[in-house]
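Let's take a walk through this model together, one part at a time. Please have the sequence and the 3D view open as you read.

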Amino acid sequence: MSVKHPVVRISVAVLSAATLSLAMTGIASAAAIRSGFNGNTLAANDDGSTGLVSLGFTANFFGTSYSNTYVNNNGNLTFTGALNQYTPTGITGGSSPIIAAFFADVHTGVAGSSPVTYGTGTVGGYNAFAANYVNVGYFGSSTSKNNSFQVVLIDRGDTGAGNFDIEYNYDQVQWETGTFSGGDANGLGGTSARAGYSNGAGTFYEFAGSGVNGAFLDGGPAGTSLIANSLNSNGVLGRYTFNARNGAVVVPPADASVPEPSDMLGTAVAGFAVIGLKRKLSSGKKAKIKISG
C-alpha cells in the first residue's frame, strides 16, 4: 500500500436562503447529457485510459495548445499523459493539466456497468469532442448503482484561435466513492469524488462539494447536488459551462434561474466564505499514481 503526501485543501461554499428556496422547488429540466459522441469505446476496465485521441480541433488551455487528449476511465481528461489515479485528490495543481467531470474510482467491468465511450461531433454547429460516462459503476460495487455524466469540449475558434468551451453534464449521481478510496459497498463515504479543472501549475477551479461526503449525490445538499444545479447553461439543470478564451478559463456569473456551485481559483475568491481548511492523507489500492506519457 502506498501513502501519498498530505495536501492542504480549502473548501468554499455559498448558499443563500433564496438559493435554498429555489432549489427546493424542483425546477424541471431537459436531460443534460448530449447524445452522440460514441463512435469509440474504451473497453471495460478499472483505472485504464485510451491512448492519445484527437479532439478534432485545437484548444488553448492556459497558454498551451492541445489537439489530442487522453480519456481516463476515472472520470477525467488529461493532455500530457494518461492518468490511472483512482482516489481523487484536490484539483489544485498536480503535475498534469486535467479536466475532471467526476474524478473517482470508476470501474466499468462490474456487473451492470456500461463502458466509457467517446468521440467527435457537433454542438450548435461547432465541432466538439466528448467523453461519455453513462451508467458507469464503481470499484467494489455490490449494488446496481450507476452514475451518468459527460465532459464536452466545444470548438469556439470563431471567437479567436484556440478558444473553446468546457461543458460538464450530469444526469445521475448515485455513488461517490470506490471501496479502495474508503467508501462502503454502497459507494458512499470515504474520499469522495471531485470535479473541476487545473492547468497543472497552480491555476484551478474546483466545484463546491468536491471531496465532501454526500455533496454531489442525487438528493444531496441543495447547493451542491450535481443534477439539481447548473452554471452558464440557460437553465439546463445538471449542465455547467465554462468559456476558455485567449488561454484563460472564465468562471461565469451564476445563472439567474438556478443555484450554482461556488468556486476556487488558485485561492479563495474575494467575497466567498471559507468554511473549511482540511488536511488529509489518502492511500492507494493497487499501485502508486502513475502519469504516463
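Strand β13 is joined to strand β14 (residues 204-206) by 3 bridges, and the two run antiparallel. Strands here are DSSP runs of E with at least two residues, numbered from the N terminus, and two strands pair if DSSP finds at least two bridges between them. Within this pairing, Ser198 stands opposite Phe204 in β14. The two strands form a hairpin with 5 residues between them, and in its turn Gly200 has a positive phi of about 80°.

Before going further, please keep in mind that this is a predicted model, in which local features need pLDDT of at least 70 and side-chain atom pairs count only at pLDDT 80 or more, while totals for chains, interfaces and linings use all residues. Residues are numbered from 1 along each chain as its sequence is written, and side-chain values use heavy atoms, with hydrogens and water left out.

Back to β13, which covers residues 194-198. On its other pairing, 4 bridges join it to strand β7 (residues 98-103), again in an antiparallel arrangement. Ile99 is found opposite Tyr197 of β13. How many of the residues of β13 are buried? The count is 5 of 5, where buried means under 20% relative accessible area, exposed over 50% and partly exposed in between, using a 1.4 Å probe and protein chains only. In a regular strand, side chains alternate between the two faces of the sheet. For β13, both faces are covered: Arg194, Gly196 and Ser198 lie on one side, Ala195 and Tyr197 on the other, and all are buried.

Now move to another set of strands. Strand β3 (residues 53-61) and strand β4 (residues 64-72) run antiparallel and are joined by 5 bridges. Phe61 has Thr64 of β4 opposite it. Their hairpin leaves 2 residues between the strands, and Phe62 takes a positive phi near 55° there. Tyr70 has Thr78 in β5 as its bridge partner. This second hairpin has 3 residues between its strands, with Gly75 in the turn at a positive phi of about 85°.

Next, look at the aromatic rings. Rings of Phe, Tyr and Trp (its six-membered ring) pair if their centres lie within 6.5 Å; planes under 30 degrees apart count as stacked, over 60 as edge-to-face and the rest as tilted. By this rule the model has 23 aromatic pairs. Why is the pair of Tyr118 and Phe129 called tilted? Their ring centres are 6.4 Å apart and their planes stand at 45°, so the pair is tilted. It links distant parts of the chain, with Tyr118 in strand β9 (residues 116-123) and Phe129 in strand β10 (residues 126-138), 11 residues apart. Tyr118 counts as buried because its relative accessibility is 11%, and Phe129 does so at 1%. Tyr205 and Phe207 form an edge-to-face pair, 5.7 Å centre to centre with 85° between the planes, and both are buried.

Finally, a word on confidence. The pLDDT, the predictor's confidence in each residue from 0 to 100, averages 82 over the protein chain, and 75% of the residues score at least 70. Over residues 1-29 pLDDT stays under 50, and residues 256-293 also stay under 50.

Notes
Contact = heavy atoms within 4.5 Å.
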